[in-house]
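This report concerns the arrangement of strands and helices in a single model. Please consult the sequence and the structure shown below while reading.

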Amino acid sequence: MIKYLLPLLLLPLLQLQADIRGAWVASVHNINFPSRKGLPVEAQKAEIIRILETARAARLNALMVQVRPESDALYPSSLEPWSQYLTGTQGKPPGFDPLGFFIAEGRRRGIAIHAWLNPYRAAANISGARASNHISKRFPQYAYKIGTVLWMDPGAPQVQDHIVNVVRDILRRYDVAGIHFDDYFYPYPTPQGGLPNFPDDRTYEAYRSRGGTLPKADWRRENVNTLIRRIGQVVRSEKPGARFGVSPFGIYMPGVPSGTQAGVNQYGQLFSDPVKWMSQGWVDYLAPQLYWRDSGPQSFTLLLRWWRSAAANPRQVPILPGIAVDRLSSHGWPLSEISTQIRLEKTIGPGAGAGFLLWNIKSLQSNTKGLQGLF
């Protein structure tokens, strides 16, 4: 018990300190946890402990744990079904509370746990069975098939209210360090580069019938703005000191900053405006996904400098670059690329040293190319 006392006392300070040195722990498709469906309880608990021990060995202080991968839950919820990634069957209890276990074991090791939610994905693969209390069954009129993915409509007030209630429930029942969203608000462009057909004409016309005048693209962005503002308010009211952050795509608009080439951009294609979220003070940090090398048409240095600039970020909201450590394997990056990006994060300002998020914990677990030794 003595050896655990100091981390227990220090955890509130860890949650409130200026920097976040973290990694994402993905549950969708069993990317990180659990490693496969249907593992026994003790095997799942052992995987959580190994993840936390890896984070501690790398001197991280936070993990973004994906507790809502597809409008389901990695914790007992009266609002949403248990995730299929735990047992293989959506709605089937796994026999323990993964989020609660992450928090308790993280506290013993000085690792703050942030609850990562995907707001609008209803199913990563539409062919899978969904529980009777799943949001797509409650509001089928707002559930749209986009390719092989089922997507909820951000323009439907019922859908937004449900997400806000889910966040409030987590904050009231769990001692999480914060709430974290990823960049999936509207669907990504198709592989050919065009926007998918997102069938939200009815919700847009309902908005127009109430006197709304925004063009459709601006209306979509305002739907996301409203959700971000509401979630920020809920986090501050329910758990003062907890943080609310989002990890947008690393490029805001084409050609911004000058010299950047964009295949995808957050503003025009994913219909969301993280610059506005910062200027309005709705978020406590952003973690733009800067998943490129420090050279070429999407330069890590150029993009990080822009996200931290007075022009984009006059309030100096902390910017934690998302760093793609998985590309040590998938793209053959040398370890020096990651060490360079970690060094640049500490020197590019204002806001230098705010921290970083690593995509994802697996590369640390395997210690790819000696990755753990960088931190």
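Predicted model: local features only at pLDDT ≥ 70, side-chain atom pairs only at ≥ 80, totals over all residues.

The text that follows treats the sheet, then its strand pairings, then the helices.

| Strand pair | Bridges |
|---|---|
| β1 and β11 | four bridges |
| β7 and β8 | four bridges |
| β8 and β9 | two bridges |

Strand β1 comprises residues 20-25 and β11 residues 355-358; within this pair, Arg 21 stands opposite Phe 356.

**Strand β8 and its neighbours.** Gly 245 in β8 stands opposite His 180, and Gly 245 also stands opposite Tyr 285 in β9. From β8 the chain passes through helix α9 (residues 274-280) to reach β9, a β-α-β crossover that is right-handed.

**Helix α7.** Within α7 (residues 201-209), the buried residues are Thr 203, Tyr 204 and Tyr 207. Viewed down the axis of α7, these fall within an arc of 100 degrees, so they line one face of the helix. Asp 201, Arg 202 and Ser 209 are exposed on the other side of α7. The cover over the buried residues of α7 includes β5 (143-146) and α8. Gly 211 follows α7 and has a positive phi, near 100 degrees.

**Helix α2.** Helix α2 (residues 41-57) contains 17 residues and reaches 24 Å from its first C-alpha to its last, close to the 24 Å expected at 1.5 Å a residue. Its buried residues are Gln 44, Glu 47, Ile 48, Ile 51, Leu 52, Thr 54 and Ala 55. Because they cover an arc of only 155 degrees around the axis, they are on the same side of α2. An α-helix has 3.6 residues a turn, so residues three or four places apart point the same way. The elements covering the buried residues of α2 include the strands β1, β2 (62-68) and β3 (112-117), as well as the helices α3 (84-87), α4 (98-108) and α13 (361-365). Just after α2, Arg 59 adopts a positive phi of about 60 degrees.

Technical notes: Residues numbered from 1 in each chain as written. Heavy atoms only, no water. Pairing = 2+ DSSP bridges. Buried < 20%, exposed > 50% of the residue type's maximum accessible area, 1.4 Å probe, protein only. Arc of directions from axis to C-beta. Contact = heavy atoms within 4.5 Å. Expected span 1.5 Å × (residues − 1). Right-handed = clockwise from strand over helix to strand, strands pointing away.
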